[in-house]
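Visitor: I am new to this structure and would like to learn how to read its features one at a time. Could you take me through it slowly?

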Amino acid sequence: MNMQERVSELHAWQMTNGSLYFPDAAKTVPPSDDEKAILDTLSVERDYMGRPLHPELHRVFGERGLRFGKGEFWRWGPNYTVDPVIIATEASAPNDHDDRVLTIVRRSNGKRALPGGFVDLIDDTYENPRTAAVREAAEETGLDISDDPHQVIFDGPVRDDRETLNAWPHTTAILFRHKSFSPVTAGDDAEPGSAEWLRLDEIDFDTLHGSHAELIRLGFEVVRAARLS
């Protein structure tokens, strides 16, 4: 399904010279020439003003309404983030595994979350996602995961309270297997005292930040599937 077909039910758009046009968006400042040059390097659809369009446009419209512009994000289009899914296991018996995931509470919205954040842009080059994940874990929990076995389990756009029709988080979720429930201390963007190792049955999935419920469940699925293989 192409973009026009995906948004045809919104009843809030027109077509101008083959590009999407939202009548209510006239007050939004379009991307600058420099920002458009950056967007030219990305594989994202854009509207008549040159603004990038969220790849899940219909969902965002349904959940957020006609929210235009960069909003609280730094950049138009994808804003690259990383989410380390850090799972440790302690076994009291061969078939009795205690799996827990490391979480914090975000100071920005009071929601429990993974200890992730934005990928740094240094000299026009994005930080390696694994490097960013190791950095974020250390900043937000004090935990060193630099030597932990890891694998990418998801890469793509995710839900976020701040997303707009023109700007969104694109995360790389990386599963790290830590050796034990090491002591952790919340720091940086985390609420003081909020860093915790939690079992699945201790997590209120309905109140987690963004798409972190799905990422945590996926991490546990990968861990447990590997144990059975």
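Guide: Helices here are DSSP runs of H or I with at least four residues, strands are runs of E with at least two, and both are numbered from the N terminus. Please keep in mind that this is a predicted model, in which local features need pLDDT of at least 70 and side-chain atom pairs count only at pLDDT 80 or more, while totals for chains, interfaces and linings use all residues. Residues are numbered from 1 along each chain as its sequence is written, and side-chain values use heavy atoms, with hydrogens and water left out.

Visitor: Which residues of helix α3 are buried?

Guide: Buried means under 20% relative accessible area, exposed means over 50%, and partly exposed lies in between, with a 1.4 Å probe and protein chains only. In α3, which covers residues 57–64, the buried residues are Leu57, Arg59 and Val60. Viewed down the axis of α3, these buried residues fall within an arc of 160°, so they line one face of the helix; the arc is taken from the directions that run from the helix axis to the C-beta atoms.

Visitor: How many aromatic pairs does a search of the whole structure find?

Guide: Rings of Phe, Tyr and Trp (its six-membered ring) pair if their centres lie within 6.5 Å, and planes under 30 degrees apart count as stacked, over 60 as edge-to-face and the rest as tilted. The search of the whole structure gives 3 such pairs. In one of them, the ring centres of Tyr80 and Tyr126 are 5.0 Å apart with the planes at 75°, so this pair is edge-to-face. Because Tyr80 belongs to strand β3 (residues 77–93) and Tyr126 to strand β8 (residues 125–126), the pair ties together parts that are 46 residues apart in sequence. Tyr80 counts as partly exposed at 25% relative accessibility, and Tyr126 counts as partly exposed at 34%.

Guide: Phe181 and Trp197 make a tilted aromatic pair, 5.9 Å from centre to centre with 50° between the planes. Phe181 is in the loop between β10 (167–178) and β11 (196–198), and Trp197 is in strand β11, so the pair ties together parts that are 16 residues apart in sequence. Both Phe181 and Trp197 are buried.

Visitor: Which residue lies over the face of Phe181?

Guide: A charge sits over a ring if NZ of Lys or CZ of Arg is within 6 Å of the ring centre and within 35 degrees of the ring normal. Over the face of Phe181 lies Arg100, at 4.5 Å from the ring centre. The charged end of Arg217 likewise sits over the ring of Phe205, 4.0 Å from its centre.

Visitor: Which residues lie nearest the centre of the second largest pocket?

Guide: On a 1 Å grid over the protein atoms alone, a pocket is an open set of points where a 1.4 Å probe fits, with protein on both sides within 12 Å along at least five of seven lines, and lining residues have an atom within 4 Å of a point. The second largest pocket is lined by 14 residues, of which Ile38, Leu42, Arg75, Leu121 and Tyr126 lie nearest its centre. The largest share of that lining, 4 residues, comes from α2.
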